[in-house]
Amino acid sequence: MYRIIDSRGSGKTSRLMLLAKETNSAIACMNPHAMRAKAHAYGITGIEFISYSQLFNGKYEGDVMIDEMEDFVKHYIDCKLTGYSLSNED
């Protein structure tokens, strides 16, 4: 599993897009239309973008990378998330 953990504005999204293209994975995100436009601006093509709801509801089958995992969790876990832990393993 790939993990891209870095500060805001550090190029995480562009790195995720390149990995998605390399691994033939879709990217699940809050706004697929905006992400598609961002990929186009970066000159990256050939990536499928799906919404968080498509992923959560099982409407997509295939390999997926999630942009902004915290946003995904906040929208689809029915509780007030106040924290979590994360193991950064290779």
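**A conversation about a predicted model**

Visitor: Is asparagine 24 buried or exposed?
Guide: Asparagine 24 counts as exposed, because its relative accessibility is 65%. Buried means under 20% relative accessible area, exposed means over 50%, and partly exposed lies in between, with a 1.4 Å probe and protein chains only.

Visitor: What kind of model is this?
Guide: This is a predicted model, in which local features need pLDDT of at least 70 and side-chain atom pairs count only at pLDDT 80 or more, while totals for chains, interfaces and linings use all residues. Residues are numbered from 1 along each chain as its sequence is written, and side-chain values use heavy atoms, with hydrogens and water left out.

Visitor: Back to asparagine 24, then. Where is it placed?
Guide: Asparagine 24 sits in the loop between α1 and β1, the latter being residues 26-29. Helices (H or I, at least four residues) and strands (E, at least two) are DSSP runs, numbered from the N terminus.

Visitor: And what is its phi?
Guide: The phi of asparagine 24 is positive, at about 55°, although the residue is not a glycine. Most residues other than glycine have a negative phi.

Visitor: Which residue other than glycine has a positive phi near 60°?
Guide: That is glutamate 68. Glutamate 68 belongs to the loop between β3 (64-66) and α4, and it is partly exposed, with a relative accessible area of 39%.

Visitor: What does lysine 12 touch?
Guide: Leaving aside residues up to four places away in sequence, lysine 12 touches Ile4, Asp6, Ser7 and Glu68. Contact means heavy atoms within 4.5 Å. Lysine 12 itself lies in helix α1, residues 12-23.

Visitor: New topic: how many aromatic pairs are there?
Guide: The count comes to 2 aromatic pairs. Under the rule, rings of Phe, Tyr and Trp (its six-membered ring) pair if their centres lie within 6.5 Å; planes under 30 degrees apart count as stacked, over 60 as edge-to-face and the rest as tilted. Tyrosine 52 and phenylalanine 72 form an edge-to-face pair, with 5.4 Å from centre to centre and 70° between the planes.

Visitor: Why does that pair tie together parts that are apart in sequence?
Guide: Tyrosine 52 is in helix α3 (residues 52-56) and phenylalanine 72 is in helix α4 (residues 69-76), so the pair ties together parts that are 20 residues apart in sequence. Tyrosine 52 is buried at 3% relative accessibility, and phenylalanine 72 is buried at 13%.

Visitor: Why is the pair of phenylalanine 56 and phenylalanine 72 called edge-to-face?
Guide: The ring centres of phenylalanine 56 and phenylalanine 72 are 6.4 Å apart and their planes stand at 65°, so the pair is edge-to-face. Phenylalanine 56 lies in helix α3 and phenylalanine 72 in helix α4, so this pair joins parts that are 16 residues apart in sequence. Phenylalanine 56 is partly exposed, at 44% relative accessibility. Ring pairs link Tyr52, Phe56 and Phe72 into a cluster.

Visitor: Now the whole protein. How many helices and strands does it have?
Guide: The protein has 4 helices and 3 strands, and along the sequence they follow the pattern α-β-α-β-α-β-α.

Visitor: What share of the residues is buried?
Guide: Buried residues make up 26% of the 90 residues.
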